[in-house]
Amino acid sequence: MQLRQGFDGTVGNTPLIRLEGLSAETGCEILGKAEFLNPGGSVKDRAALWMVREHERTGALAPGGTVVEGTAGNTGIGLVHVCNARGYRCIIYMPDNQSREKVALLETLGAEVRQVPVVPYKDPMNYQKQAGRFAESLPGAVWANQFDNTANRRAHEEGTGPEIWAQTDGRLDAFVAATGTGGTLAGVSRYLKAQRPDIRTVLADPMGSALYAWVKTGEATMSKGPSITEGIGNSRVTENLAGTPLDDAVQVGDQDMVDMVYRQMHEDGWFFGSSTGINLCAAVQVAKQLGPGHTIVTILCDGGGRYQSRLFNPEFLAEKGLKIPRD
Ligand code: PMP
């Protein structure tokens with residue numbers, strides 16, 4: 001029998017998919033790691049599982065305990081699945097500008113969601129800082145702390161990276177991904193560079209983030225935003241991202257991202273979220289830089305169902321000055 005062992009055993013080991021339209025257009029192999037097929041529906045299931053296991057290993061999290069996190073959504077969704085599978089309570093702080101699908105899903109799954117006003121990271125009322133303070137005040141609670149807890153990065157150094165290496169037989173030229181916490185990009189890049197230092201690692205950034213400038217100049221200076229993307233871009237370099245071996249960064253605007261996700265839907269049958277749109281645009285940019293005959297791997301972070309009220313809502317797009325491409 002070929003079985004996966006329960007919830008934990010179903011996280012990771014996702015397929016690596018050849019994106020046919022983009023590969024044909026660029027003459028490169030554009031490959032996407034299908035993280036939307038994780039049981040909680042996104043790349044963040046990996047980080048959620050690794051962080052919970054780490055808190056269990058240190059003894060901070062024990063039966064009857066609570067996991068608290070500040071998250072734009074997908075980490076919370078992963079965490080509440082993992083908590084349900086283990087009997088923990090799950091409390092999520094999130095900025096109040098996130099898609100309502102993600103909030104509703106978190107609540108359906110049994111998380112206690114606390115939506116708080118959007119304020120910069122340096123403000124003590126920032127959602128991440130509120131989560132940290134609340135966890136400290138509650139006996140038996142831990143703060144998952146996805147931004148600076150490097151168990152997040154390890155999920156990708158021990159899982160996603162080795163899987164990509166095995167699935168391509170080590171024959172890839174570049175890895176490109178957008179980052180929120182940095183866990184995915186940093187973990188995969190560290191692993192791949194340790195196998196073959198000539199694999200090009202590239203950060204993809206939406207507008208309204210400081211990471212493109214950080215890679216290009218060493219200074220984390222914000223670019224002009226905002227962006228309608230969710231879960232990616234950052235104003236600071238997290239513990240997970242710090243020290244990542246990166247060769248380059250590319251910037252992708254929202255209209256290109258919108259064009260990409262609609263094109264993937266109409267031409268190739270996919271239904272992807274906004275960060276995947278950024279990743280695919282960035283993969284095409286890298287393919288054009290390298291020229292035909294190269295293999296570029298990126299991440300298919302989550303599905304479009306989480307963004308129906310925004311990215312797939314013509315009125316919302318019109319309000320933001322974004323156009324749906326004609327088919
Ligand atoms: N895409 C989506 C949809 C996400 O929710 C996240 C996580 N915030 C990312 C990409 C980025 O992943 P990471 O946190 O590992 O950088």
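Leaving aside neighbours within four places in sequence, V176 is in contact with V202, A204, A282, A283, V286, I296, V297, T298 and I299, where contact means heavy atoms within 4.5 Å. The structure is a predicted model, in which local features need pLDDT of at least 70, side-chain atom pairs count only at pLDDT 80 or more, and totals for chains, interfaces and linings use all residues. Residues are numbered from 1 along each chain as its sequence is written, and side-chain values use heavy atoms, with hydrogens and water left out.

V176 is also one of the residues with the most contacts inside the largest nonpolar core, together with I30, I296 and L311, and this core has 38 residues. A nonpolar core is a set of buried Ala, Val, Leu, Ile, Met, Phe, Trp, Tyr and Cys residues joined through side-chain atoms within 4.5 Å, and buried means under 20% relative accessible area with a 1.4 Å probe, protein chains only. Among the elements that give two or more residues to this core are β7 (174-178), β8 (200-206) and α11 (274-290), and α11 gives the most, with eight residues. A second, separate core of 24 residues includes A47, M94, L106 and A144.

In the chain there are 12 helices and 10 strands, taken as DSSP runs (helices H or I, at least four residues; strands E, at least two) and numbered from the N terminus. Of its 327 residues, 56% count as buried, and residues 24 or more positions apart account for 72% of the contacts with a separation of 6 or more. Along its principal axes, the C-alpha trace spans about 55 × 50 × 45 Å.

Notes:
Buried < 20%, exposed > 50% of the residue type's maximum accessible area, 1.4 Å probe, protein only.
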